[in-house]
Number of protein chains: 2
Amino acid sequence: MNRQASIDVLFNPRSIAVIGASNTRGKLGNDVMRNLIDSGFEGRIYPVNPKAGEILGQKVFRSVTDIPRDVDVAVIVIPARFVLKTVEECGEKGVKALVIITAGFKESGHEGQEAEKKLVELAEKYEMIIQGPNCLGIINTSAPYNASFSAGTPVIGTIAFASQSGALMTGILDWSLMEKIGFSKFVSLGNKAHLDEADFIEAFGRDPDTSFILLYIESVIDGHKFMEACKKVIPHKPIFIVKSGVSVAGARAASSHTGSLAGSDTAYETAFKQSGVRRAHNMASLFDVASLIDDMQLPSGNRVAIITNAGGPGIMTTDACEAGGLELAQFTSQTGDYLKANLPPAASVANPIDALGTAQPDDYELCIEASLKDENVDAVLVLLTPQAMTKTTESAKVIVDVHKNYPDKPLLAVFMGGNSMVYPRIVLTTGGIPVFDFPERAVHALSELYKYTVSRDRLKDEEIPKFKADMKKVEKIFADVRRDDRRVLLGSEAHEIAEAYDIPVARIRLATNSEEAKSLSDELGYPIVLKIASPDIIHKSDIGGIMIGLKTPEEVETGFNQIIDSAKKHMPDAKVYGVDVQEMAEKGKELIIGCSRDVQFGPLIMFGTGGIFVNYLKDISFRLAPMTRTDASELIMETKMGTLLSGVRGEAPSDIAAIEDTILKISQLVTDFEEIVELDINPAFAYESGKGVSAVDVKITIG
Amino acid sequence: MNRQASIDVLFNPRSIAVIGASNTRGKLGNDVMRNLIDSGFEGRIYPVNPKAGEILGQKVFRSVTDIPRDVDVAVIVIPARFVLKTVEECGEKGVKALVIITAGFKESGHEGQEAEKKLVELAEKYEMIIQGPNCLGIINTSAPYNASFSAGTPVIGTIAFASQSGALMTGILDWSLMEKIGFSKFVSLGNKAHLDEADFIEAFGRDPDTSFILLYIESVIDGHKFMEACKKVIPHKPIFIVKSGVSVAGARAASSHTGSLAGSDTAYETAFKQSGVRRAHNMASLFDVASLIDDMQLPSGNRVAIITNAGGPGIMTTDACEAGGLELAQFTSQTGDYLKANLPPAASVANPIDALGTAQPDDYELCIEASLKDENVDAVLVLLTPQAMTKTTESAKVIVDVHKNYPDKPLLAVFMGGNSMVYPRIVLTTGGIPVFDFPERAVHALSELYKYTVSRDRLKDEEIPKFKADMKKVEKIFADVRRDDRRVLLGSEAHEIAEAYDIPVARIRLATNSEEAKSLSDELGYPIVLKIASPDIIHKSDIGGIMIGLKTPEEVETGFNQIIDSAKKHMPDAKVYGVDVQEMAEKGKELIIGCSRDVQFGPLIMFGTGGIFVNYLKDISFRLAPMTRTDASELIMETKMGTLLSGVRGEAPSDIAAIEDTILKISQLVTDFEEIVELDINPAFAYESGKGVSAVDVKITIG
């Protein structure tokens, strides 16, 4: 079954059956019927109800199988206990898509969960797609049709909105009718048993009536599929997502630094970043962004010209631009000279252009035209405050007219005020100029669009590097560990795994007694580091489980015994395998490189400043594996450590290429082996350019 | 002259002269006259114009001196060149307060600046107060009177608003009329030649008609006076300030770390924090906060109960609470049991309480009442989405009614939707319940009010500690440095000053030749640190100007020569005084403690993680001097270093008391000596509790 082709049918059906259609006002089956008819759907409508008769002028069929012609979409609004049988009938009938409004499935306990599983099996068996269950329905304003029990049908527009919360959807719809915000598609995701957010993202991406994609979700069904869908769509259309549940998921037990530093929301945040999605935390302000999309071209850069008739608002706008990642354009000298020659001497001709409180429509015209013409300007913000001599409506008309000659550059208006601005705002809106009441709102909307273009341009077709690796060796170690009924690897095992992936490590060997420790030390060469070898002891230095810089066999012998004694004293119940004998790496910049595993998105790689204070310094950043070299490079440079590694205060730059390699190799390792649930290298030492890195302490936990 | 008493007259005058009153529509003198009459001012109005006659039914006087009775306030709207003479006449006449609307003073160049200075002299001479010049005027809705050229008079309310931008004020006024937001006072600050923001803050603080103070400023006139006024008012009323010009002030040259890390806006940010002011970046959202003040008590804590009829919006609200520093209340078991017994079994009785889509007004009632009763709840947020069975208006009525029985706890409503919510929202607003369309707005407003209470409670009457200090010695050193025509002190001089204030330092002596270096080393004791002594060389380690750990006289001799050679090679033009010989401090945690000086606010103290990477790590925080011990303690704990100092990962805590002392002594030093423009201690080493700190490298620049 091709889901996308079926969604096309769902979006533009020729016939719709409403199973559970009703004549009784207040019943959902009645709401759906009325919406369907009122929305002007031009295809065939088949109400289905065992009572037969007629509903809202339409002949009723006793069951879907009684319908004489093909049915593209069936909307199901019957009690949950009848749903499975009906779905089976729909399958037999050859219905392409089901919209199951009925609740009482996964959300209602074990029985519902089982029923929902069967729904999916039936969908697969009959090659149908299912939206829902437990949803509000679907609206396509361009079909047009409204197959939902919503109160009203949205205004036609270009925003496609999908929501995991039906109630939120209802609220937004009601609000949008008042605010006159239009939608192309309005999809209630419900339980996402079959069709999920990724399916709709892809479909919205192909939909010619949609130019802006907006989602409200609390979770995604399949992280990988979601990211692929987003990456496919982002080059053409922006995707903005409100993802809630940040604070609800709560803490989970984690034994590694990476695990404890990656909050429950980190994987989502990272996935959005990596796939070009803009995340929003404020529903209302998103519609400001959406309002720009239809009116104007996307900005080709972040250099903004501000034109104002008052200083204060000009400064506020400048501040807002800086906070939003927009820059004040530096005008060409030509623009500067032109403005100087044509504005009053008291006017400020630098950016922001202050055309003074006396500014007339033709002053606005010449400032706007000069700014739009200037090659150093990517977007223009026009501010107007209602002063004694201000001609608000005439100024609005001028803005609309000038823009027609320079349609390629975004032009936004901020007309500050209330009643006196109502008419000028209508002139602007009708003329295709987005207009706002306060500068912050305009700047926020422009900034979000600009950031979308940056995210979009960052998406590149780049290969995932593939390094040579000894996977057999890793498999064998894991098998040994499992045989030993452990989940935490010993230091020597973890280091061997790193070596199998050609990750540079300080070599490590396990000594079970002090004699063995001495001979291994002779072999590795002095000075030597000793570490307690126990999967139960995570933070070894906290209990005196590490000794460094041991220079002689005698020191190693004493050290061995001290460490064993200290472990016995502090953690008498820990299972101790002996002491790891390790060659002492030359000190470098301390890094941490780690991996935890997210339920939805898989391996989440962390990079940052290492050492014992990682949890307090929190100089870290994240990427999902697998990664490209660009990902690895950006991951490093997002941290303060990245800046230090690039060489500051006269220091030689560190070997960033080797660090990238190490990150990429870890990314490959954790992608190859799903059983790795946590991995920490802390510290790895980074050396000068050309001298590589060295992983000093590698910890691995398997699931 | 008592400014505050005069402002009382300005706020509630018995008589107002309008000097420059005019019969001509469109002239400011006409606008002011009309506003004054239309606003319903009940005192005497005296239009003044040399042409005499009658204006809007009022007899015109040729000059202010012709007015037969006393004049409390004179509004001046005549051309700038006549202003000084008129002000003199007002002075002779005994006018108490002038509102100078006329522009063409400081903002218009040198001549205007001089005229403005004379204005102030006249004000002082005649014991008058002056608002402006170059302003819009003043409005007091409770007097009532409008002595401005604004288009319209604001609705009566309890927000006092003062603005440095007249145009912004005009825009806000127009907008507020549409949004029905009321004001008590509306003050255009203009050039702030005489009365400044601090005067009005104090007056608003005493004004019984004001409960919320809102300012738009681009700068303050007198930092100390501003902070004192805020501290006086904050215990009674919140002050919210939009301070713009963040990005405009631009970079200034700074040779110290502190100077370069303190951005142009840092002093403002710090002053706001230290005096309890809440800073805002978004005008519109401030009015949400203001709207709460009249309706409800301030929250006594941050524990919020959320009641909803839909899961999604409940989660969004939970997220917004967490982001805004609010916590979800943990209900008492009593509340939990009560809810469980009275709500449908499918309802969620933990916080957020999900009363389900079927929730009726009495469900809302019982949830709200239970939450308001619960001792673990500080505020209640009620969400309502328009679902099939939702009774919006009845639910609104219930909310209003329940609140009457529990007036002490903040109760906010979020009714999501548009047209269907218009009437319920009116019910709520009229019933004294603040209502919002999206949860984020409600949470933001509540969170801002809660944060105000935190800032307010933090303000304590605490003494500035005073340490013994040898000020004479410091004066002498500064005199020597000036005689030497220097501004940057040598290391030995800077360390001596620190010693004079009993700041623990590693002792330092200046050696001008290698023999002297050796004998000083013998005196201080080995190991020894050598540092180039040159006021021209700021970052000594970058040019090989520092050698550490020299253990013998021979090493000191070689070191001395190497340092001198290296300085000659890298900075041949630097004036070199020799080499500082310093005792080597035992290594501790590296701190930076510094001071730069802000034009408005004076000494700005910085604390944070020290070392050569301060500019990259940016683990720093700021306070203005003079400081209390609480300030010093908070300053430390705001940084990540603060956490490390308190002892983590099994480390012993550092000597935080000694660090506080050091910060307080520096605070005292830079307060005592205004000529210190920059001071850096980097690093200071912090040792274990009881073992103090040691300032290793002290740099001082005088102005």
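Two residues are in contact here if their C-beta atoms, placed from the backbone, lie within 7 Å. With that in hand, welcome to a tour of a predicted model, in which local features need pLDDT of at least 70 and side-chain atom pairs count only at pLDDT 80 or more, while totals for chains, interfaces and linings use all residues. Residues are numbered from 1 along each chain as its sequence is written, and chains are lettered from A and ligands numbered from 1 in the order in which they are written.

**Figure 1. Chain A as a whole.** Chain A holds 24 helices and 30 strands; helices (H or I, at least four residues) and strands (E, at least two) are DSSP runs, numbered from the N terminus. Its C-alpha atoms fill a box of roughly 95 × 80 × 40 Å along the principal axes. Among contacts in chain A with a separation of 6 or more, 72% link residues 24 or more positions apart. Of the 703 residues of chain A, 55% count as buried. A residue is buried if 20 or more other C-beta atoms lie within 10 Å of its own, exposed if 12 or fewer, and partly exposed in between, with C-beta atoms placed from the backbone.

Figure 2. H20(A) runs through residues 553–570, and its 18 residues reach 26 Å from the first C-alpha to the last, close to the 26 Å expected at 1.5 Å a residue. That expected span is 1.5 Å times one less than the number of residues. The buried residues of H20(A) are Val556(A), Gly559(A), Phe560(A), Ile563(A) and Ala567(A). They share one side of H20(A) because they cover an arc of only 105° around the axis, the arc being that of the directions from the helix axis to the C-beta atoms. An α-helix has 3.6 residues a turn, so residues three or four places apart point the same way. Turned away from the buried side, you will find the exposed residues Glu554(A), Asp565(A), Lys568(A) and Lys569(A). The cover over the buried residues of H20(A) includes helix H19 (514–524) and strands E21 (508–511), E22 (528–533), E23 (546–550) and E24 (578–583) of chain A.

**Figure 3. Where chain B meets chain A.** Here 60 residues of chain B are in contact with 60 residues of chain A. Helices H5 (166–179), H10 (283–295), H11 (311–323), H21 (614–617) and H23 (640–645) of chain B each supply at least two residues of the side of chain B that touches chain A. The largest share of that side, ten residues, comes from H5(B). By class, the side of chain B that touches chain A has 28 nonpolar, 22 polar and ten charged residues. Ala, Val, Leu, Ile, Met, Phe, Trp, Tyr, Cys and Pro count as nonpolar, Asp, Glu, Lys and Arg as charged, and the others, Gly among them, as polar.

**Figure 4. A parallel sheet of five strands in chain B.** This open sheet has the order E2-E1-E5-E6-E7 (chain B), with parallel pairing; two strands pair if DSSP finds at least two bridges between them. Strands E2 (44–48) and E7 (129–131) of chain B stand at the edges with a single partner strand each, so one side of each is left without a neighbour in the sheet. From one strand to the next, the twist averages 20°. Within the sheet, four bridges join E5 (residues 73–76) to E6 (residues 97–100) of chain B, and Ala74(B) stands opposite Leu98(B) in E6(B).

**Figure 5. A mixed sheet of seven strands in chain B.** The order of this open sheet is E9-E8-E11-E10-E12-E13-E14 (chain B), and its pairing is mixed. E8 (residues 137–140) of chain B and E9(B) are antiparallel, joined over four bridges. E8(B) also pairs with E11(B) in the antiparallel sense, over three bridges, whereas E10 (residues 155–163) of chain B runs parallel to E11(B), with seven bridges. Six of the seven residues of E11 (residues 182–188) of chain B are buried, so this strand is largely enclosed by the rest of the structure.

**Figure 6. Backbone details to zoom in on.** A cis peptide bond, with omega about -15°, joins Ala143(A) and Pro144(A). Pro144(A) sits in the loop between strands E8 (137–140) and E9 (145–148) of chain A. Asp485(A), although not a glycine, has a positive phi of about 60°. With 6 C-beta neighbours inside 10 Å, Asp485(A) counts as exposed.

Definitions and conventions: Axes are lines fitted to C-alpha atoms, for helices over the stretch in contact, and angles run from 0 to 180 degrees between N-to-C directions.
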